[in-house]
Amino acid sequence: MPQLTAKELSALGDQLGMECSLVKKYQMYAQVCADPQLRTKCEETAAKHRNHYQALLGLLG
């Protein structure tokens with residue numbers, strides 16, 4: 001795998017932080033949501049961002 005530049009590592013770190021934040025937000029939204037369909041959608045969205053986070057981590061080796 002090619003070596004990542006400092007700028008790429010920084011961008012990757014920023015994106016990891018954003019994905020982590022989105023996971024936490026959507027998990028919190030799901031917990032406080034009274035509508036079952038909306039709760040499910042929030043849980044699905046949290047899972048999608050958790051997958052994004054894991055994929056980005058995979059780029060780091």
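## A tour of the model

Of the 61 residues of the protein, 18% are buried (under 20% relative accessible area with a 1.4 Å probe, protein chains only; over 50% is exposed and in between is partly exposed). This is a predicted model, in which local features need pLDDT of at least 70 and side-chain atom pairs pLDDT 80 or more, while totals for chains, interfaces and linings use all residues. Residues are numbered from 1 along each chain, and side-chain values use heavy atoms, without hydrogens and water.

Start with the whole chain. A cartoon view has 2 helices and 0 strands (DSSP runs, H or I of at least four residues for helices and E of at least two for strands). The C-alpha atoms fill a box of roughly 45 × 15 × 10 Å along the principal axes.

Next, select Tyr26 and Tyr29. The structure holds 1 aromatic pair, and these two residues form it, edge-to-face, at 5.5 Å centre to centre with 85° between the planes (ring centres of Phe, Tyr or Trp, the latter by its six-membered ring, within 6.5 Å; planes under 30 degrees apart are stacked, over 60 edge-to-face, the rest tilted). Tyr26 and Tyr29 are about one helical turn apart because they lie 3 residues from each other in helix H1 (residues 6-32). Colour by accessibility: Tyr26 is partly exposed at 26% relative accessible area, and Tyr29 is partly exposed at 37%.

Then move to Leu4, in the segment before H1. Leu4 is partly exposed, with a relative accessible area of 30%.
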